[in-house]
Amino acid sequence: MNALNYHHLQYFRAVAHEGNLTRAAARLRVAQSAVSLQVRKLEDALGHPLFERRGRRLVLTEAGRIALDHADAIFAAGDELVSTLRDRGRERLVLRAGAVATMSRNFQLRFFRPLLGRADVEVVIHSGSVGSLLGALEAHELDLVLANAAPRRDAGTACVAHPIATQRVSLVGRPRRGRRPLAELLAEEPLILPTQGTVIRADFDALADRLGVRPRIAAEVDDMAMLRLLARERVGLAVVPAIVVRDELDTGSLAEVAPIPGLRETYYALTLTRRFPNPLIRPLLAEARATFGADDAAAGPGRK
């Protein structure tokens, strides 16, 4: 096969994203016939049809989907090349980061704090699902992703998971006098739990089973901000890393009622191995490990 013609690939990519020849032509500022011709040439070169027509829309075939994945990666890498080499040496740096939408905002703020307010740095933070953020990372649209679980490592996974913090999980609620056994609290108090499918929930369910306890569940939420709000509203005792409610613990509006042995949440920074890595990442990770490591070492038996 002849060498790939990137001009054909550019036209194909525009049609794939627009789903329509007319809109793609307008976006590229060329005639519709020119776009159609370039796409046909790419199909001939690859030996597969890339689109099928459904009404007025052009829908990708299986080969078209594969071609688009590669095209997006190719052009994203090109953009990164130009940005990296053209901007290297300039004063202002940009960190494009993603954070899983359900992660603690307190944790995110503490992680990015060393860069916030710096005149020479701009931080762009996107939130979303693990899958969408990993896709953006692998397409070089993000430099780093914060997650509370490491993706499975296999031949198809290009990212590197850097563990940066481990937080103890506790029962958190309104301040109260005296201590009660954990099993008694879990059996008698209404609880606010993370939803099924999270690491914390799986470990909690296993602990409850070992203790022979059937918990009273007041609410199940997949968002740490909502879990924090429900704890503040005193809906029940929240099963949560202390960093999520750090402000409330500091002011005394909430308290760690009891630590939960064996339950911890680990936070990861996911990156790609790149020839031209963002120079902000390495010192940011080092500072995060120092900050959260110091927190872990200083934590007493009752709070963190």
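Threonine 271 is buried, with a relative accessible area of 7%. This residue belongs to strand S10 of a predicted model. The side chain of threonine 271 forms a polar contact with the side chain of histidine 162, at 2.9 Å. Leaving out residues up to four places away in sequence, threonine 271 touches Leu137, Asp143, Leu144, Ala158, Cys159, Val160, His162 and Ile281.

Alanine 269 also lies in strand S10. Its relative accessible area is 0%, and the residue is therefore classed as buried, the cut-off being under 20%. Beyond its neighbours within four places in sequence, alanine 269 is in contact with Leu144, Val145, Leu146, Val160, Ala161, His162, Ile164 and Leu285. With Leu285, 16 residues away along the chain, the separation between C-alpha atoms is 7.8 Å.

A further buried residue is found in a helix. Glutamine 38 sits in helix H3, which covers residues 32–46, and has a relative accessible area of 12%. When residues up to four places away in sequence are not counted, glutamine 38 touches His7, His8 and Tyr11.

**The sheet**

Strand S10 is part of an open sheet of eight strands with mixed pairing, ordered S4-S3-S5-S10-S6-S9-S7-S8. Strands S4 (121–128) and S8 (216–221) stand at the edges; each has a single partner strand, so one side of each has no neighbour in the sheet. From one strand to the next, the twist averages 25°. Helix H8 (residues 199–211) packs on this sheet, where it touches strands S6 (159–173), S7 (190–194), S8, S9 (237–241) and S10 (255–272). The direction of H8 makes about 145° with that of S10.

| Strand pair | Sense and bridges | Residues standing opposite |
|---|---|---|
| S3 and S4 | parallel, eight bridges | alanine 97 and isoleucine 125 |
| S3 and S5 | parallel, three bridges | alanine 99 and leucine 146 |
| S5 and S10 | antiparallel, three bridges | alanine 147 and tyrosine 268 |

Strand S3 comprises residues 93–100, and strand S5 comprises residues 144–147. In a regular strand, side chains alternate between the two faces of the sheet. In S5, Leu144 and Leu146 point one way, whereas Val145 and Ala147 point the other way. All four of these S5 residues are buried. Leu144, Val145 and Leu146 are among the contacts of alanine 269, and Leu144 is one of the residues touched by threonine 271.

**The chain as a whole**

The chain contains 11 helices and 10 strands. Its radius of gyration is 25 Å, whereas a compact globule of 304 residues would have a value near 19 Å. Along the principal axes, the C-alpha trace spans about 80 × 50 × 35 Å.

Of the 304 residues, 41% count as buried. The accessible surface of the chain comes to about 16,500 Å², and carbon and sulfur atoms account for 51% of that area. Considering contacts between residues at least 6 apart in sequence, 75% join residues at least 24 apart.

Notes
Residues numbered from 1 in each chain as written. Predicted model: local features only at pLDDT ≥ 70, side-chain atom pairs only at ≥ 80, totals over all residues. Heavy atoms only, no water. Pairing = 2+ DSSP bridges. Helix = DSSP H or I, 4+ residues; strand = E, 2+ residues; numbered from the N terminus. Axes fitted to C-alpha atoms, helices over the stretch in contact; angles between N-to-C directions. Contact = heavy atoms within 4.5 Å. Rg over C-alpha atoms; globule rule 2.2 N^0.38 Å. Buried < 20%, exposed > 50% of the residue type's maximum accessible area, 1.4 Å probe, protein only. Areas by Shrake-Rupley, 256 points an atom, 1.4 Å probe, with all protein chains shown as cover. Polar contact = N/O pair within 3.5 Å; in protein donor to acceptor, adjacent residues only side chain to side chain.
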